[in-house]
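Please open the model in your viewer and keep the selection tool at hand. The tour goes from one selection to the next and says what is found at each stop.

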Protein chains: 2
Amino acid sequence: MRYLIVFAHPEPRSLNGHLLRRGVAALKAAGHEVVVSDLYAMGFKAVADGRDFPERDIGARLVYHAESGAAYAGGSQAPEVAAEQAKLLAADAVVLHFPLWWFGMPAILKGWVDRVFATGFAIGVPKPGTRQWLRYGEGNLAGRRAMIACTTGGRAPQYGARGVHGPIRDILFPINHGMLFYTGMTVIEPFIGYRVVRASTTEADALADAYAARLLGMFDAPPIAYRSENGGAYDEEQRLAPEYGEGEGFSLHEG
Amino acid sequence: MRYLIVFAHPEPRSLNGHLLRRGVAALKAAGHEVVVSDLYAMGFKAVADGRDFPERDIGARLVYHAESGAAYAGGSQAPEVAAEQAKLLAADAVVLHFPLWWFGMPAILKGWVDRVFATGFAIGVPKPGTRQWLRYGEGNLAGRRAMIACTTGGRAPQYGARGVHGPIRDILFPINHGMLFYTGMTVIEPFIGYRVVRASTTEADALADAYAARLLGMFDAPPIAYRSENGGAYDEEQRLAPEYGEGEGFSLHEG
């Protein structure tokens with residue numbers, strides 16, 4: 001299989017760098033192809049702005065999502081944006097690998113999403129013959145498996161059901177559901193390394209083994225059972241119909 | 001009062017730019033001082049990396065949070081980071097104003113948090129005489145009011161209790177609770193403009209009036225009643241004790 005790992009850590013000699021190298025080695029040893037987008041090493045431009053559209057009229061008012069759609073349709077995107085899209089299309093499995101900073105992605109990875117998930121590619125894709133969008137379970141990245149791999153400074157109980165930071169599942173929902181499933185990918189449970197700032201060498205190696213196993217098992221792991229937007233569970237205002245679960249919140253959107 | 005508005009939109013002629021100008025004008029007309037950190041106009045460096053620490057040994061392994069703490073303590077931070085911290089300390093009210101992109105902040109604003117919320121300033125602040133941290137209701141930014149002002153492309157029902165994107169309150173929890181309340185600030189309900197891509201001039205002006213009113217009312221608005229970490233509700237593993245609400249999830253952390 002072909003794996004794309006999008007990696008966002010500033011220090012190759014970090015624990016995350018160790019995990020990456022060990023994960024890539026394990027995948028290659030098993031005969032898989034691996035492409036790594038090492039965003040820091042690439043100097044990936046994080047900020048979505050008018051310079052993303054080399055052919056635009058720089059005097060015109062910038063409407064980013066519209067300009068993104070025009071550039072995608074017209075083949076005039078920034079080269080590094082088109083290159084990342086091609087990597088996504090070529091992949092069978094997509095991994096976002098990052099340290100959790102302030103309960104989200106490092107800015108360089110958020111910027112990768114802001115720029116690469118272009119209008120017409122990842123959002124704003126009409127479903128032919130309908131008034132619906134291809135999103136949340138359908139879209140150009142359907143058929144691919146996706147997984148978050150992240151590390152935290154805090155301990156696991158702080159990210160548990162009653163932990164002060166909130167449940168890790170909810171913290172990652174905007175990525176798992178709002179980015180990965182949104183574009184059609186099949187999302188599996190995240191790989192999480194807690195409290196890594198205190199990891200010993202032995203612990204780091206155990207974590208690397210666990211990460212390698214999760215990468216190798218991506219196609220066998222049960223998906224998070226998010227509900228397809230166009231599968232009948234949502235009404236015309238994209239609200240979950242009453243018969244599909246009670247209450248409110250992120251967890252409603254899992255079947 | 002002194003307001004700091006951190007603004008993250010690439011186009012001044014956008015609806016968000018209109019809201020910003022009208023909000024600032026209303027605050028000034030009422031006699032308040034206003035400082036705007038217009039991150040795009042400033043060309044704010046979004047990516048947290050080793051260049052944030054001009055005095056570090058560039059051959060050494062970068063541990064960002066540790067280097068951040070050393071630079072903060074030693075007065076050797078990047079000048080624009082120290083300047084933003086000074087603006088925060090000088091403010092009575094802090095507003096994060098941005099378009100919601102992929103269910104989070106634009107990368108330039110996430111990078112502002114990643115870099116400006118330094119170790120020793122916003123995180124890793126010990127509570128003297130205890131083994132606790134000053135965070136979640138305590139910290140260097142205590143005494144300040146904070147509010148998110150954001151706009152969405154999607155319609156309000158999609159962000160409601162059963163909407164497909166998830167409740168906006170939960171989407172914003174990592175910012176409201178995990179960044180603003182974490183550093184000690186008193187957080188009030190966000191100002192949200194839904195479906196702004198379709199706004200007419202009349203609608204844009206009505207939204208600007210509403211925004212101005214919310215800015216002017218920041219000190220009278222009831223806070224979101226997040227629970228203080230060191231206030232007795234959390235156990236030694238920072239889990240909410242059983243007598244404080246049932247179940248799990250972000251909403252537990254409101255009293």
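Select A:Phe7 together with A:His97, its bridge partner in strand 3 of chain A. Strand 3 covers residues 93-99, and it runs parallel to strand 1 of chain A, to which five bridges join it; strands here are DSSP runs of E of at least two residues, and helices are runs of H or I of at least four, both numbered from the N terminus, while two strands pair if DSSP finds at least two bridges between them.

This is a predicted model, in which local features need pLDDT of at least 70 and side-chain atom pairs count only at pLDDT 80 or more, whereas totals for chains, interfaces and linings use all residues. Residues are numbered from 1 along each chain as its sequence is written, chains are lettered from A and ligands numbered from 1 in the order in which they are written, and side-chain values use heavy atoms, with hydrogens and water left out.

Finally, show both chains: a rotation of 180 degrees with 0.0 Å of shift along its axis superposes chain A on chain B, with an RMSD of 0.0 Å (by least squares on the C-alpha atoms of residues with pLDDT of at least 70 in both). The two copies are thus related as by a two-fold rotation axis, and in chain A the C-alpha nearest that axis belongs to A:Ala107, 2.4 Å from it.
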